[in-house]
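Subject: Structure handover

Hello,

Here is the structure I promised to pass on. Please have it open while you read my notes below.

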Amino acid sequence: MTVNASTLRAATTDQPSGLSRRHILQAAAVAGGGLMLSLMLPTANDAAAAGEVDAFTPNAFIRIGTDGQIILTMPYVEMGQGTYTAIPMLIAEELEVDLKQVRLEHAPPNEKLYVNPLLGIQATGNSNAIRGAWNPLREAGATARTMLVATAAKRWNVDPATCRAQSGEVFHQATGRTVKYGQLAADAARMPVPKNVALKGAEDFKLIGRPAKRLDTPAKVNGTAVYGIDARPPGVKIATLAQSPVFGGRVKSVNDAAAKAVKGVRQIVRLDDAVAVVADHMGAAKKGLEALVIEWDDGPHAKLTSAAIAAELEHATQAPGAVAQNTGDAAGGLTRAVTRVDATYQLPFLAHAALEPMNCTVHVRQDGCEIWVGNQAIGRVQAGAAKVTGLPPEKVVVHNHLIGGGFGRRLEEDGAVRAVQIAQHVDGPVKVVWTREEDIQHDMYRPYWFDRFSAGLDDKGMPVAWSHRFAGSSIIARYLPPAFKDGLDPDTTEGAIDLPYALPNVHVEYLRVEPPGIPTAFWRSVGPSHNVFVVESFMDELAAAAKQDPLAYRLALLDKAPRAKAVLALAAQKAGWGTPLPARAGRGVALQFVFGTYMAQVAEVEVAKDGAVRVRRVVCAVDCGTVINPDTVRAQIQGAVMFGITAALYGEITLKDGRVEQGNFDSYQILRINEAPAVEVHIVESAATPGGMGEAGTSAIVPAVANAIFAATAKRLRKLPIDTAALKQPV
Amino acid sequence: MAFTIKVNGTAHSVDVDGDTPLLWVLRDVLGMTGTKFGCGMALCGACTVHVDGAPTRSCITPIDSVGTAAITTIEAIGATTAGAKIRKAWLDREVVQCGYCQSGQIMSATALLTGNPHPTDADIDDAMSGNICRCGTYVRIREAIKQAAQS
């Protein structure tokens, strides 16, 4: 099968007739509650009242038409991470259909049906789609299969135990009879929903654990895949915009005479804090935008600098914060230590820079609003649009799309809200496309972090105290307020607490400090993108202070964490740890347990005389529990490594006079193929519950690179991105 | 003013300013959305098309510079020998993640293979370094180009 414009249907607009799926969804939504298989199933009476049944829809994820079509509704969005293959694998494994037999559709906004059980909202993030779906979606498939088998058995008047399902058919072994699912659909819809269906054991898996071809790929190599930016409702106009260059600023005046004279420009829309040019095409819209003369009132952040924010964070860490972990007596351990090690680290603001620029298409009518967008949390899009327009949420129809890179940026609804504000002034649908400069300069950024560490070592150099205090923004406090409790949230501290190492005395504190004048958001590998860098850098510093090999030092602390120890040993062995390298080349290692996945990486770097760093080779060992699609695990790590190297070597957003100083890929550099290392991935076989894979590779690589630079040059870099000037070879 | 351009073998008349980038004519005027917008400054390669076979950043190519040249886009590149090999290698090697840059990657890789049927690693780096992949599929892009060259 392929996912393209024709097969990847928008569930919101293309409803089956008769006893419609929407009807069932709405009924379930009214009833409320979690994953409600029983509530979603049409009862015999309902079906009879409807007079016909055109499909078997045992739950919100599966629809088997009487025409034989099998449509799976995807509760998580595809943004490159392979979820539109892995989720179908979970369902198909238990439903007993082949992947080539299914068609996919994007889920509509419905917080009750499509909630991510690990986030509590309908969202794709935190590398937890598979972790959240592992049981519920296999159960969804097994429930449907059990009902189809029961339907066939009833029709044949045989014991269901003598039938089995395979490749979209039910088969009766004794008589050799078969019947296709589509032929059972109408009757299956009248069957009672079984409770507590049995799931397959791993030994019976046909799909899970075997490399599968991605279902979204064919349309992505011939130009037919439809991303949000490709939506073209009839009559759509194209708009681009300028938002206040200082966050919190306002439009003071606009002279749009020259812009209006541009061929193809239709309309100028002035908002409080932005101006948009609406045109026949983006070329005219951009030309019109350049012709606008806008005067801004910069507002309260007109003089803001990122250096001032960094100084504020540093200052904040001089006072105590919320205690995230307190094990043993770190203060006492420090007093008794033979050696004390102190260090501070800083991480910059980062933009997401997904290659698909921010965009959203909106048609506001008097009685409703229709939105075409690629978003990781479309319930928030719907709610945001409802708030702007004053419409009830159910009057806001959202069509989700493939996403041309999410990385956390598309968890936010700001782009959709902005597009709705503009569309309110436009007659007909309008597609608002941000220029790359707007995308970089009005991102919501990974927070700036300031970290302070102290450790005490005993007479053998081993840690007897570990103290860590850090300050920065809490995304969770803004995004999911109930999850921010007592000054802490699970994302901000992930990777900083409950480390795999045997550390006797640990004290970790966090201070929530929200920077003024710059919005912050989740960024690929989220909390761990910060914490793993500082923790694994500092662990390397302890090994150096103890004059021990950084690998051996870590291994000695892992006797009680066998899975962590195994990935670390495997990565080191495959990387040839300890074998000689040329001058100014070095290997660095990092270990992490985040997103439910154990991972170790060894990076091999070369540092040129001028200080330029080249990452030559990366070896990764991963234990992510049960693997769904091993090829996707490899692909995600290969790509996540590049994402992390970009951050380590180049990534930095700075503010001057309240304005983001970077604007396009010349000033916000992304790693290119000529700079890309070879990446080896070694997967540890495991029957444990699946861990997350979309983000883990991004956090581990950054300290591995920094530690490799230390091995190559004896220079410890505690601030990102790395400062090549500090790495110049002395003459 | 009106321009007639030849895209994938078909002539199209469009009425836009002469400095309008080809990218927007393809995407917004002709509705051929396979060619992508990434930067608008020829920095990322997402908008790459072929103009008389040469890989060209359509985001900085004014429509009045195109003349009667043959424009080929991702929608039709599979009809060329090299394009078909590249597309197959992309599928065999599962290069694609989010896929947004891959139209441009495939157009650049096809141009490389057409002019240089047996590229070295350095040739691949040279030809492909103008195409950014934010998902970081570079390891597989290298593998796929090598596979296509051997096919």
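Let me start in chain B, with a helix on strands. α4(B) lies across β3 and β4 of chain B. Its direction makes an angle of about 35° with β3(B). Please keep in mind throughout that this is a predicted model.

**The sheet in chain B**

β3 and β4 belong to an open sheet of 5 strands in chain B. The order is β2-β1-β5-β3-β4, and the pairing is mixed. At the edges are β2 (10-15) and β4 (54-57) of chain B, each of which pairs on one side only. On average, neighbouring strands in this sheet are turned by 40° against each other, direction ignored.

One pairing in detail: β3 (residues 48-51) and β5 (residues 70-72) of chain B run antiparallel and share 2 bridges. There, B:His50 has B:Thr72 of β5(B) as its bridge partner.

**Helices α3 and α4 of chain B**

α4(B) also packs on α3(B). The angle is about 125°, and the axes are 9 Å apart. The two helices are therefore oblique to each other. Their crossing is right-handed.

Which residues of α3(B) meet α4(B)? They are B:Ala82, B:Gly83, B:Lys85, B:Ile86, B:Arg87 and B:Trp90. From α4(B) come B:Ile106, B:Ala109, B:Thr110, B:Leu113 and B:Thr114. By class, this contact has 6 nonpolar, 3 polar and 2 charged residues.

**One residue in α3(B)**

B:Ala89 also sits in helix α3 of chain B. Is it buried or exposed? B:Ala89 has 25 other C-beta atoms within 10 Å, so it counts as buried; the cut-off is 20 or more. Leaving out residues up to four places away in sequence, B:Ala89 touches B:Ala144, B:Gln147, B:Ala148 and B:Ser151. B:Arg140 lies 51 residues from B:Ala89 in sequence, yet the C-alpha atoms of the two are 9.6 Å apart in space.

**Where the chains meet**

The contact between the chains takes 50 residues from chain A and 47 residues from chain B. On the chain B side, the elements that give two or more residues are α1 (22-29), α2 (74-77), α3 (81-92), α4 (102-115), α5 (121-128) and α6 (138-150). α6(B) gives the most, with 4 residues. The chain B side divides into 24 nonpolar, 15 polar and 8 charged residues.

**Chain A: a pair of helices**

Now to chain A. Helix α13 (residues 378-389) and helix α14 (residues 414-423) of chain A have axes that come within 9 Å. They cross at roughly 30°. α13(A) and α14(A) are therefore roughly parallel to each other. The crossing is right-handed.

From α13(A), the contact uses A:Val381, A:Gly384, A:Ala385, A:Val388 and A:Thr389. α14(A) supplies A:Ala416, A:Val417, A:Val420 and A:Gln421. That makes 6 nonpolar and 3 polar residues, with no charged ones.

**Chain A: strands in a row**

Take strand β24 (residues 597-607) of chain A next. 10 of its 11 residues are buried, so β24(A) is largely enclosed by the rest of the structure.

β24(A) pairs with β23(A) (residues 585-594) in the antiparallel sense, over 10 bridges.

A:Glu105 is in strand β5 (residues 102-106) of chain A. A:Glu105 has 20 other C-beta atoms within 10 Å, so it is buried. Buried means 20 or more. A:Gly125 is 20 residues along the chain from A:Glu105, and their C-alpha atoms are separated by 19 Å.

Best wishes

Terms used: Residues are numbered from 1 along each chain as its sequence is written. Chains are lettered from A and ligands numbered from 1 in the order in which they are written. This is a predicted model: local features need pLDDT of at least 70, side-chain atom pairs count only at pLDDT 80 or more; totals for chains, interfaces and linings use all residues. Two residues are in contact if their C-beta atoms, placed from the backbone, lie within 7 Å. Ala, Val, Leu, Ile, Met, Phe, Trp, Tyr, Cys and Pro count as nonpolar, Asp, Glu, Lys and Arg as charged, and the others, Gly among them, as polar. Axes are lines fitted to C-alpha atoms, for helices over the stretch in contact, and angles run from 0 to 180 degrees between N-to-C directions. Angles under 35 degrees count as roughly parallel, over 145 as roughly antiparallel, 65 to 115 as roughly perpendicular and the rest as oblique. A crossing is left-handed if the near helix is turned anticlockwise from the far one by less than a right angle, and right-handed if clockwise. A residue is buried if 20 or more other C-beta atoms lie within 10 Å of its own, exposed if 12 or fewer, and partly exposed in between; C-beta atoms are placed from the backbone. Two strands pair if DSSP finds at least two bridges between them.
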